[in-house]
Amino acid sequence: MITSKTSFIGLIGNPVTHSLSPIMQNAALKYLGLDWIYIAIPCKDEDLKLIINSLKKINCIGLNITIPYKQKVFELCEEISPIANKLKAINTLKLNSKREWEATNTDVEGFIYPLKSLNISKRQGVVLGSGGAARSAIQGLINLNFSKITVISRNKNSLNNLLNNFAKDKQIRGLLNSDLKISNLIEETDLIVNTTPVGMKTEFNQEKLIPYGKSFWKSLNSKTIIYDLIYNPTPTPLLELSEQKGCQTIDGTQMLIAQGAKSLSFWTNGLEVPFEIMQDALRKYL
Ligand code: NAP
């Protein structure tokens, strides 16, 4: 029951109406018996500073930050974790003892979660896309000890920015999606991660699209694992094609829940979070 003592956690972004976080987080909060609720807070660019600063003054426990503010909140936080600093992206805030924002990023742990049980290390990985989620995926593959990571992008500028960000990590290289080496790479690699939004269901796009088009995937074969970060629809057109070719596939649902579970653990200072409860809530909702 929501009472006059109830506190809240907010999701700040624009747009936020598509988010599944309130569904899984409220199920977990109820299970844990915490007198907190989780709500989505749409926020315009020009209001970001005012809103983030104002939330420090009221009964807000913490925040998730999503598109397009993962970088913009840096200047509003007092403490920033090394991983958020390295990726130049923040997705979780909580109030410290001085009631200032302490920030971190739980996307890397979320990304790794479904890969842990596969026991893959010293392998080759390919990451498609060079936006925010690509950075978490690359850091995740570094943490899993991948020996070679290739980022494929259509965008030279963001690809170069991303490669600069990981300049110290020697096993990473970038290719444009028109590069002739790609066919061999797709044939040989152990894991391909799609971090582009291609294949995602939106109100504007109901077409069955595959990243970089069908011919890009001609040499794909059953030894490669395909991990698509998209969680709606499941399976995506890319995962359907990969299943037809006999590949093991992973969708974005586990990452979504695992990054949310890590955020909840951060807000509760390490409480054990009920992953299955969050998963069940999402399954029922979807
Ligand atoms: P982002 O920062 O906008 O990056 C998207 C990347 O995809 C950019 O490199 C972009 O290139 C590229 N791209 C966009 N449209 C493309 C197209 N038609 N063909 C080829 N490349 C294209 O977005 P993000 O935050 O990284 O998110 C990307 C996806 O990951 C979204 O679908 C999101 O839902 C998903 N995601 C899932 C989770 C999870 O928990 N499962 C977590 C984070 C993200 P340009 O710069 O040229 O546009």
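Asn269 sits in the loop that runs between α9 (253-267) and α10 (275-285). In this predicted model, the phi angle of Asn269 is near 55 degrees, a positive value in a residue other than glycine. How buried or exposed is Asn269? Its relative accessible area is 63%, and because the cut-off for exposed is over 50%, Asn269 counts as exposed.

You will find Asn119 in the loop between α4 (107-116) and β7 (124-128). With a relative accessible area of 67%, Asn119 is exposed.

Next, let's look at the cis peptide bonds. Asn14 and Pro15 are joined by a cis peptide bond with omega of about 5 degrees. Pro15 belongs to the loop between β1 (7-13) and α1 (21-32). Pro68 falls in the loop between β3 (60-65) and β4 (79-80).

Now for the ligand. Which residues come closest to it? The shell holds 20 residues, and the closest are Ser130, Ala133, Arg154, Leu229 and Gly252.

| Residue | Protein atom | Ligand atom | Distance |
|---|---|---|---|
| Ser130 | backbone N or O | oxygen | 2.8 Å |
| Arg154 | polar side-chain atom | oxygen | 2.9 Å |
| Gly252 | polar backbone atom | nitrogen | 3.0 Å |

On its own, the ligand has 930 Å² of accessible area, and the protein covers 73% of that. Which elements give two or more residues to the shell around the ligand? They are α5 (132-143) and α9. Arg154, whose polar side-chain atom lies 2.9 Å from a ligand oxygen atom, belongs to the charged class.

Key: Residues are numbered from 1 along each chain as its sequence is written. This is a predicted model: local features need pLDDT of at least 70, side-chain atom pairs count only at pLDDT 80 or more; totals for chains, interfaces and linings use all residues. Side-chain values use heavy atoms; hydrogens and water are left out. Helices (H or I, at least four residues) and strands (E, at least two) are DSSP runs, numbered from the N terminus. Buried means under 20% relative accessible area, exposed over 50%, partly exposed in between (1.4 Å probe, protein chains only). A residue is near a molecule or strand if one of its heavy atoms lies within 4 Å of it. A polar contact is a pair of N or O atoms within 3.5 Å; within protein, one must be able to donate a hydrogen and the other to accept it, and residues adjacent in sequence count only if both atoms are side-chain atoms. Accessible areas come from the Shrake-Rupley method with a 1.4 Å probe; for residues, only the protein chains shown count as cover.
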